[in-house]
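Hi,

Here is the structure I said I would pass on.

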Amino acid sequence: MIKLYHGSTVAVKNPSLRPGRPNADFGKGFYTTSNLEQAVRWAHIKQEREEAQRAVVSVYEFDETLLDRPDLNIRRFTGADEPWLLFVTDCRKSRRHDYDLVQGPVANDKVFTTVNLFESGVLSAEAAILQLKAYKTYDQLSFHTVRAISALRYLETLDV
């Protein structure tokens, strides 16, 4: 079992697929990370954007052996490489996919800028990947189906 974290302005005891942006890194879904620091950062970003009173991190337990289940359609990226770059740019154009779970790097602010430069044609895929390799990235695991999201077990919410 591993702990996963979700940064927000409200406690999320029952994760849902309804809210969320369709043009996020891996498409519309429920996003988590195994890095508490990253979740805290996201909670504060959301608090600022929403002008909310609170920044919180909901904590979940997840059985990582589920990532090897043959009945789940899972896309895994081991780093910010060309397949990841192309997948992220497709998802940011609100193109849908049929994955239950997607695991890979987070496109943070520096990475986001590089992805935008690639999307606009300023950088080639090769040049974008060279830049991406220079940045520290954090992981994210996004849940895109009810079947996948039901594997999360809520533990607690931390005020951050």
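**The loop between H1 and S3**

I'll start with Glu-51, which sits in the loop that runs between helix H1 (36-50) and strand S3 (56-62). Bear in mind that this is a predicted model. Glu-51 has a positive phi, near 50 degrees, even though the residue is not a glycine. Is Glu-51 buried or exposed? With a relative accessibility of 70%, Glu-51 counts as exposed, because the cut-off for that class is over 50%.

Arg-54 is found in that loop between H1 and S3 too. Its relative accessible area is 37%, so Arg-54 is partly exposed. Setting aside residues up to four places away in sequence, Arg-54 touches Ser-8, Thr-9, Gln-47 and Asp-159. Now compare chain and space: Arg-54 and Leu-66 are 12 residues apart along the chain, and 32 Å separates their C-alpha atoms.

**Into strand S3**

Val-56 belongs to strand S3. This valine has a relative accessible area of 0%, so it is buried. What does Val-56 touch, not counting residues up to four places away in sequence? One set of partners is His-6, Gly-7, Ser-8, Thr-9, Val-10 and Ala-11; the others are Ala-43 and then Thr-157, Leu-158, Asp-159 and Val-160. For a distance to check in your viewer, take Val-56 and Asp-139: 83 residues apart in sequence, and 19 Å apart from C-alpha to C-alpha.

**Asn-73 and Arg-76**

Next along is Asn-73, in the loop between S3 and strand S4 (74-76). Asn-73 comes out as partly exposed, at 29% relative accessibility. Beyond residues up to four places away in sequence, Asn-73 touches Asp-98, Tyr-99, Asp-100 and Leu-101. Asn-73 and Ala-148 are 75 residues apart along the chain, yet their C-alpha atoms are separated by 9.4 Å.

Arg-76 lies in strand S4 and is partly exposed, with a relative accessible area of 43%. Once neighbours within four places in sequence are left aside, Arg-76 is in contact with Leu-67, Asp-68 and Gln-103.

**The nonpolar cores**

In soluble globular proteins, nonpolar side chains tend to be buried together. Which members of the largest nonpolar core touch the most other members? Among its 19 residues, they are Phe-26, Phe-77, Trp-84, Leu-85, Phe-87 and Val-102. Helix H2 (82-92), helix H3 (109-119) and helix H4 (125-133) each supply at least two residues of this core, and H2 gives the most, with 5 residues.

Val-102 is a handy one to click on. Leaving aside neighbours within four places in sequence, Val-102 is in contact with Phe-26, Phe-77 and Phe-87, along with Arg-75, His-97, Gln-140, Leu-141, Ser-142 and His-144. Apart from this core lies another one, of 15 residues, including Leu-67, Ile-74, Leu-101 and Leu-152.

In H4, the buried residues include Ala-125, Ala-128, Ile-129 and Leu-132. Why do they share a side of H4? They cover an arc of only 100 degrees around the axis, which puts them on the same side of the helix.

How much space lies in the second largest pocket? It comes to about 250 Å³. The pocket is lined by 13 residues, and the closest to its centre are Gly-27, Lys-28, Arg-96, His-97 and His-144. Sorted by class, the lining has 6 polar, 4 charged and 3 nonpolar residues. His-97 and His-144 turn up here and also among the contacts of Val-102.

That's my list for now.

Cheers

Notes: Residues numbered from 1 in each chain as written. Predicted model: local features only at pLDDT ≥ 70, side-chain atom pairs only at ≥ 80, totals over all residues. Heavy atoms only, no water. Core = buried A, V, L, I, M, F, W, Y, C linked by side-chain atoms within 4.5 Å. Buried < 20%, exposed > 50% of the residue type's maximum accessible area, 1.4 Å probe, protein only. Helix = DSSP H or I, 4+ residues; strand = E, 2+ residues; numbered from the N terminus. Contact = heavy atoms within 4.5 Å. Arc of directions from axis to C-beta. 1 Å grid on protein atoms, 1.4 Å probe; cavity = no way out; pocket = protein on both sides within 12 Å on 5 of 7 lines; lining within 4 Å. Points joined across faces, edges and corners; volume = space filled by probe spheres on them. Nonpolar A, V, L, I, M, F, W, Y, C, P; charged D, E, K, R; others polar.
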